[in-house]
Amino acid sequence: MLRVNTNTGGAPELDGSGLHIGVVVSRFNADICDALRDACVHELEHLGAAATVVSVPGALEIPLVAQTMGQSGNFDALIALGAVIRGETYHFEVVSNEASRGVMAVQLDTGIPVANGILTCFTDAQAHVRVRQKAEDCARAAVEMANLLIAMTGRTTRHDIAPPGPPPQARRAVTAEEI
């Protein structure tokens, strides 16, 4: 019988050793997204996880690339990073809602945890205030969820069932063909 610690008072498993985390980051609102990426990758390195970073044009493109990464079998968890800043039109709601829906669908369809770090803010200033905390939270959530699912399934990493691929490397940008 499988026993998984579900004690809500216990500390999460944040040892990223041996984990390979995929990070998909939007280039739209570049100053915010670059800061999200840098803080997230720094936290992943601190936790001992390897990261592969892929950039996409905007928040709406994140789910497709995340789905491709999730289906590759090369990642233990994924992180979606972006920034949607309210403008004067309804476009903010469309992009925010559809990007979030897409990220959730990737997680449920692939069985790979996806930490959603797509900021949705009224102003650039609000986004800048939230960058570091959101990025670090996403890194920790990805590592915790990868470890939880590995423990629940009895594998040592997702690579136990994944097709062979290149070994994980810390903070390596890749092209779409490499995914």
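Reply: Helices H1 and H4 cross in a right-handed manner (the near helix is turned clockwise from the far one by less than a right angle; helices are DSSP runs of H or I, at least four residues, numbered from the N terminus). This is a predicted model, in which local features need pLDDT of at least 70 and side-chain atom pairs pLDDT 80 or more, whereas totals for chains, interfaces and linings use all residues. Residues are numbered from 1 along each chain as its sequence is written, and side-chain values use heavy atoms, without hydrogens or water.

H1 spans residues 30–47 and H4 residues 124–153, and the two pack with their axes 8 Å apart at an angle of about 30 degrees (axes are fitted to C-alpha atoms over the stretch in contact, and angles run from 0 to 180 degrees between N-to-C directions). H1 and H4 are therefore roughly parallel to each other (under 35 degrees). On the H1 side, the contact (heavy atoms within 4.5 Å) is made by Asp31, Ile32, Ala35, Leu36, Ala39, Cys40, Glu43, Leu44 and Leu47, while the residues that H4 brings include Ala127, Val131, Ala135, Ala139 and Val143, along with Arg132, Glu136 and Arg140. Sorted by class, the contact has twelve nonpolar, one polar and seven charged residues (Asp, Glu, Lys and Arg are charged; Ala, Val, Leu, Ile, Met, Phe, Trp, Tyr, Cys and Pro are nonpolar; the others are polar).

Some of these charged residues also take part in salt bridges (a Lys or Arg side-chain nitrogen within 4 Å of an Asp or Glu carboxyl oxygen), of which the count comes to seven. Arginine 132 pairs with glutamate 136, their closest N and O atoms being 2.9 Å apart, and both lie in H4, four residues and about one turn of the helix from each other. Arginine 132 is exposed, at 57% relative accessibility, whereas glutamate 136 is buried, at 14% (buried is under 20%, exposed over 50%, partly exposed in between, with a 1.4 Å probe and protein chains only).

Arginine 140 is partly exposed at 24%, and aspartate 137 is partly exposed at 37%. Elsewhere, salt bridges with shared partners join Asp34, Arg37 and Asp38 into one network.

Terms used:
Angles under 35 degrees count as roughly parallel, over 145 as roughly antiparallel, 65 to 115 as roughly perpendicular and the rest as oblique.
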